[in-house]
Amino acid sequence: MAQHLEGKSAIVTGAGRGIGRGIALALASQGASVIVNDFGGTVEGEGRDQSPAQQVVDEIRAAGGTAEANYADVAEHREAEDLVRQALDTYGKLDILCNVAGILRERMIFNMTEQEWDAVIRVHLKGTYNTTHFASIHWRQRREFGRLINFSSSAGIRGSAGQPNYAAAKAGLIGFTKSCANALARYNVTSNAIAPGAATRMTDRGLVSQDATRSGAPPSEAETGPRDPANVAPVVVYLCSDAASNVSGRVIGASGYQITLYSDIVMERQIFSDGPWDIDRLFELAPETIFEGLQPPSGDRPSGARSSEA
Ligand SMILES: NC(=O)c1ccc[n+]([C@@H]2O[C@H](COP(=O)([O-])OP(=O)(O)OC[C@H]3O[C@@H](n4cnc5c(N)ncnc54)[C@H](O)[C@@H]3O)[C@@H](O)[C@H]2O)c1
């Protein structure tokens with residue numbers, strides 16, 4: 001069978017568990033040499049543990065693949081620099097960077113503390129900037145090939161009510177992804193964002209599962225069907241390959257067995273005046289033109305779930 005990533009080298013952050021683990025295994029199975037990064041913290045981003053990254057490295061090697069562990073906290077600038085340097089020192093180049101690492105600290109906006117805000121923005125936004133910054137220096141020098149995959153979320157696209165920090169970070173990553181697509185195109189680098197859906201410890205937090213309560217086991221651990229996090233990986237493999245050089249600056253959904261291409265935000269309606277808007281005129285016109293027929297969101301919570309998602 002053809003291997004689609006033969007000779008490529010990759011970093012996958014947050015690859016000790018969940019979706020990142022599935023991506024690291026899939027990239028390696030397709031011939032890529034992988035740096036498996038994970039700092040091994042809790043879902044809230046606390047503590048450190050080397051065993052999740054090491055276990056994935058062991059799995060890849062047992063299957064005949066090539067992998068090295070890295071335990072950096074990607075939100076620490078110097079640790080992220082060392083992570084990229086490890087890939088360059090070990091494999092001589094870096095072709096693929098998948099920024100999967102992420103944490104959750106859910107709270108309604110009126111209850112959210114400064115620490116909860118900062119912690120989530122730090123890992124998702126600063127962590128993704130950190131690794132991408134150092135990878136992009138290499139890609140700019142090399143001018144040959146690069147694949148950047150960032151992890152967004154439907155929480156950022158739709159605006160999950162109980163996750164203002166996470167929604168802001170995940171929507172911010174779409175702007176970051178598009179900026180990198182524009183900046184790095186001339187160096188043959190593509191940049192795309194994934195909005196995944198999978199059963200992991202992140203989604204266990206958002207679910208009120210009777211089954212889980214009864215058995216005591218988190219629902220994600222029993223998942224072998226469509227929501228198995230391994231199912232996010234195939235489209236990531238495709239986007240990381242030579243075949244996907246035409247796909248950049250896009251948001252792609254990967255959930256279960258579905259792969260979705262999201263549209264860009266496009267202009268829907270526009271009104272204009274010959275000069276500065278007369279405010280009374282705007283009050284007269286807006287309800288019957290640009291804002292005609294709009295409804296505020298209901299704010300309803302999906303039944304059986306908290307007002308949050310991963
Ligand atoms: N599971 C879903 O349905 C879903 C939906 C939308 C978005 N996402 C996003 O997908 C990504 C993966 O999530 P998951 O569901 O697999 O969660 P997960 O908790 O199973 O895995 C995330 C991994 O990232 C690691 N990590 C966290 N902060 C880190 C840091 N600073 N440095 C290095 N490693 C760090 C964790 O230790 C963990 O192993 C996240 O970015 C998440 O926000 C997941």
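Mentor: Start with contact: two residues are in contact if their C-beta atoms, placed from the backbone, lie within 7 Å. Next, helices (H or I, at least four residues) and strands (E, at least two) are DSSP runs, numbered from the N terminus. This is a predicted model, where local features need pLDDT of at least 70, side-chain atom pairs count only at pLDDT 80 or more, and totals for chains, interfaces and linings use all residues. Residues are numbered from 1 along each chain as its sequence is written.

Trainee: What covers the buried residues of helix 3?

Mentor: The cover includes strand 1 (9-13), strand 2 (33-37), strand 3 (66-70) and helix 4.

Trainee: Which residues of helix 3 are called buried, and why?

Mentor: A residue is buried if 20 or more other C-beta atoms lie within 10 Å of its own, exposed if 12 or fewer, and partly exposed in between; C-beta atoms are placed from the backbone. In helix 3, Ala80, Leu83, Val84, Ala87 and Tyr91 are buried. Seen down the axis of helix 3, they fall within an arc of 90° (the arc of the directions from the helix axis to the C-beta atoms), so they line one face. On the other side, Arg78 and Asp89 are exposed.

Trainee: What puts the buried residues of helix 9 on the same side?

Mentor: In helix 9 (residues 233-240), the buried ones are Ala233, Val235, Val236, Leu239 and Cys240. Their arc around the axis is only 160°, so they sit on the same side of helix 9. They pack against elements including helix 1, strand 4 (96-99) and strand 5 (146-151).

Trainee: What makes the protein chain as compact as a globular protein of its length?

Mentor: The chain has 10 helices and 8 strands. Its radius of gyration (taken over C-alpha atoms) is set against the globule rule, 2.2 Å times the number of residues to the power 0.38. The radius is 21 Å, close to the 19 Å that the rule gives for 310 residues, so the chain is as compact as a globular protein of that length. Buried residues make up 42% of the 310 residues.
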